[in-house]
Amino acid sequence: AGGNAREQIKMARKITQKELKQDEFVDAAVDFGKWLEENWTKVLRWVGVVAVVAVVVIAWTAYSRHNQEQAELRLSELLASYDRLETRGFDNPEELETLLVDLEEVAGNAGGGSAAVAYLYRGTAFYQLERFEDAEMELERAISGAEDGGTLYATANAVLANVYEATGRPDDAVEVLDGLLEGDDSQVPKDQTLLQI
């Protein structure tokens, strides 16, 4: 009988604790309701602010994505123009100068890899025009924006080595090319790099 009474007391405690928890929840809900009633204008203002911020973020993201897509489309058109000029042996310097301006504009509007590609082609074009100082600057911009070990990175370094060679800095050229040989994941064939050295 004593054991049975103890079980009943335990059960009563559990029920009491459960009721207390429910009462605490009800009290908290009532308190929150009162607070909300007193501060509904503040809450509405904050909800409005959060909604405006969300709309601005969504709009900015969509705008940025649109600009990026347009820049990439324009870049592909400019690279096709560059290929045509290269096929003709860069026989029209004025056309090449216009292309340089357009590539600079695209590099400013594009991000990441697209900007690095634009800088690579600007650097290569300046190299073709024998404007070696400009070529070096643009190629360094391409290298800093390219992924280490990738094709873009390796190509920009290879052209930069040519710039160094053309300006009487063979040691700098060899140093750049040696750097390409060190990476196992370089996209430029090692025999081509050795031949350039």
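User: How many helices and how many strands does the protein chain have?
Analyst: The count is seven helices and zero strands, where helices are DSSP runs of H or I with at least four residues, strands are E runs of at least two, and numbering starts from the N terminus. Along the sequence that reads α-α-α-α-α-α-α. Keep in mind that this is a predicted model: local features need pLDDT of at least 70, side-chain atom pairs count only at pLDDT 80 or more, and totals for chains, interfaces and linings use all residues. Residues are numbered from 1 along each chain as its sequence is written, and side-chain values use heavy atoms, with hydrogens and water left out.

User: OK. What share of the residues is buried?
Analyst: Of the 197 residues in the protein chain, 27% are buried. Buried is under 20% relative accessible area, exposed is over 50%, and partly exposed is in between, with a 1.4 Å probe and protein chains only.

User: And what share of the contacts comes from residues 24 or more positions apart?
Analyst: Those account for 49% of the contacts with a separation of 6 or more. A contact here means heavy atoms within 4.5 Å.

User: Now the charges. How many salt bridges are there?
Analyst: The count comes to twelve salt bridges. The rule is a side-chain nitrogen of Lys or Arg within 4 Å of a carboxyl oxygen of Asp or Glu. Side chains of opposite charge can pair when their charged atoms come close.

User: Which residue does Glu 138 pair with in a salt bridge?
Analyst: Arg 141, at 2.9 Å from N to O. Both lie in helix H4, three residues apart, about one turn of the helix. Salt bridges that share partners join Glu 104, Arg 122, Glu 138 and Arg 141 into one network.

User: Is Glu 138 buried or exposed?
Analyst: Glu 138 counts as buried because its relative accessibility is 0%.

User: What is Glu 138 in contact with, leaving aside neighbours within four places in sequence?
Analyst: Glu 104, Tyr 119, Arg 122, Gly 123 and Phe 126.

User: Which residue does Glu 97 pair with?
Analyst: Glu 97 forms a salt bridge with Arg 131, 2.8 Å from N to O. That pair links distant parts of the chain, 34 residues apart: Glu 97 sits in helix H2 (residues 93–109) and Arg 131 in the loop between helix H3 (112–128) and H4. Both ends are partly exposed, Glu 97 at 33% and Arg 131 at 30%.

User: Switching to the surface: which residues form the nonpolar patch?
Analyst: Trp 46, Val 49, Val 53 and Val 57, with about 410 Å² of accessible area together. Patch residues have over 30% relative accessible area and no salt bridge; nonpolar side chains (Val, Leu, Ile, Met, Phe, Trp, Tyr) are joined within 5 Å, like charges within 9 Å. Val 57 lies in helix H1 (residues 2–87) and is partly exposed at 47%.

User: And which residues form the negative patch?
Analyst: Asp 171, Glu 175, Asp 178 and Glu 182. Asp and Glu count as negative and Lys and Arg as positive, while His and the chain ends are not counted; the place of a charge is NZ of Lys, CZ of Arg, CG of Asp or CD of Glu. Asp 178 is in helix H6 (residues 170–182) and is partly exposed at 35%.

User: Last one: what does Asn 157 touch, not counting residues up to four places away?
Analyst: Ile 143, Val 176 and Leu 180. Asn 157 lies in helix H5 (residues 151–166) and is buried, with a relative accessible area of 8%.

Definitions and conventions. Accessible areas come from the Shrake-Rupley method with a 1.4 Å probe; for residues, only the protein chains shown count as cover.
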